[in-house]
Amino acid sequence: MSPQNEKIRINLKLTERRSKIEVGSVPSSELLDWIRMKSIPNGYVYAALDDAICLGIYENEQVTIGKGQEQVTEVLQTAHYVQELRIFNEQQEFKATRVGQEFRWRIRQDDVEEGERMTCLDEPHKLWGRAKKLDRAKGWSLLEEERGSRLYIPCQIQQNAEKGIRFRKYITFYEWSLEPPQPFHYRFSDERLVAFVDWPVEEVEHSDAK
């Protein structure tokens with residue numbers, strides 16, 4: 001850990017939210033058409049491909065990822081090489097995970113009246129690299145490390161600045177019991193991506209959403 005990272009203070013706070021979940025599956029060849037049919041709202045994209053981890057954006061019913069040297073961005077035309085795909089914003093996340101020849105999907109929506117009351121923990125995580133502006137791709141920046149890793153991000157970031165990403169973890173608590181004997185414990189029942197954040201993070205503010 002670098003001296004700079006040692007100075008970072010992150011205020012982690014538990015919040016309570018009403019959260020709704022929907023799950024299902026879709027053949028891998030139909031994933032992108034299904035996303036359009038499902039009217040998934042615009043958001044940022046995390047895509048785990050066979051050969052790369054990519055960030056991107058979903059808008060106008062298209063998944064655009066940052067990938068390559070010259071072209072910078074490309075519209076995802078097929079899910080053939082996709083292992084995991086997430087489309088996320090402050091309100092919800094769509095997540096699809098490949099299992100054989102299909103994708104198991106989950107949609108989690110937060111702050112909805114009909115949702116289940118959940119305890120949540122938001123955590124920022126650093127995206128490695130410092131920003132380089134891209135003149136040929138408006139609205140995008142490149143996070144690059146000295147060791148060679150490169151990650152295109154759909155944000156305009158100042159030169160040499162850093163960026164993080166906010167995770168939200170959903171906690172299920174279990175009450176202490178005598179029969180059978182069982183101590184109080186908890187588990188993280190789900191997690192999702194929420195938003196990109198500036199780095200370093202001195203403090204993360206949360207509202208106690210109900």
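These are my notebook entries on side-chain contacts in a predicted model.

**Entry: aromatic rings**

I searched the whole structure for aromatic pairs and got five. I looked closely at Tyr44 and Phe88. Their ring centres are 6.1 Å apart and their planes meet at 45°, so I noted the pair as tilted. Tyr44 belongs to strand E2 (residues 43–49) and Phe88 to strand E6 (residues 82–88). I then checked how open each one is. Tyr44 is partly exposed at 27% relative accessible area. Phe88 is buried, at 1%. I also wrote down one aromatic cluster, formed by Trp34, Phe94 and Trp105.

**Entry: charges over rings**

Which ring does the charged end of Arg108 sit over? I found Tyr170, with the charged end 4.2 Å from the ring centre. The charged end of Lys169 sits over the ring of Phe188, 5.1 Å from its centre.

**Entry: cysteines**

How many disulfides are there? My count came to zero. I looked up two cysteines anyway. Cys54 is buried at 2% relative accessibility. Cys155 is buried too, at 10%.

**Entry: salt bridges**

I counted 26 salt bridges. I followed three of them.

Lys67 and Asp51 meet at 3.9 Å, N to O. Lys67 is in the loop between strands E4 and E5, and Asp51 is in the loop between E2 and E3, so the bridge ties together parts 16 residues apart in sequence. Lys67 is partly exposed at 25%. Asp51 is exposed at 59%.

Arg168 and Asp122 meet at 2.8 Å, N to O. Arg168 lies in strand E13 (residues 162–174) and Asp122 in strand E9, so this bridge ties parts 46 residues apart. Are these two buried or exposed? Both are buried.

Glu162 bridges to Arg130, with the closest N and O atoms 3.8 Å apart. Glu162 is in strand E13 and Arg130 in strand E10 (residues 130–133), so parts 32 residues apart are tied together. Glu162 is buried at 10%, whereas Arg130 is partly exposed at 36%.

I then noted a network of salt bridges. Its members are Glu84, Arg86, Glu93, Lys95, Arg106, Arg108, Asp190 and Glu191. Arg108 is in this network and also has its charged end over the ring of Tyr170.

**Entry: back to Glu162**

Which side chain does Lys126 join in a polar contact of 3.0 Å? I found Glu162. Lys126 is in strand E9 (residues 116–127). Lys126 counts as buried, at 15% relative accessibility.

Technical notes
Residues numbered from 1 in each chain as written. Predicted model: local features only at pLDDT ≥ 70, side-chain atom pairs only at ≥ 80, totals over all residues. Heavy atoms only, no water. Phe/Tyr/Trp six-rings, centres within 6.5 Å; stacked < 30°, edge-to-face > 60°. Helix = DSSP H or I, 4+ residues; strand = E, 2+ residues; numbered from the N terminus. Buried < 20%, exposed > 50% of the residue type's maximum accessible area, 1.4 Å probe, protein only. Lys NZ or Arg CZ within 6 Å of the ring centre and 35° of its normal. Polar contact = N/O pair within 3.5 Å; in protein donor to acceptor, adjacent residues only side chain to side chain. Disulfide = S-S within 2.5 Å. Salt bridge = Lys/Arg side-chain N within 4 Å of Asp/Glu carboxyl O.
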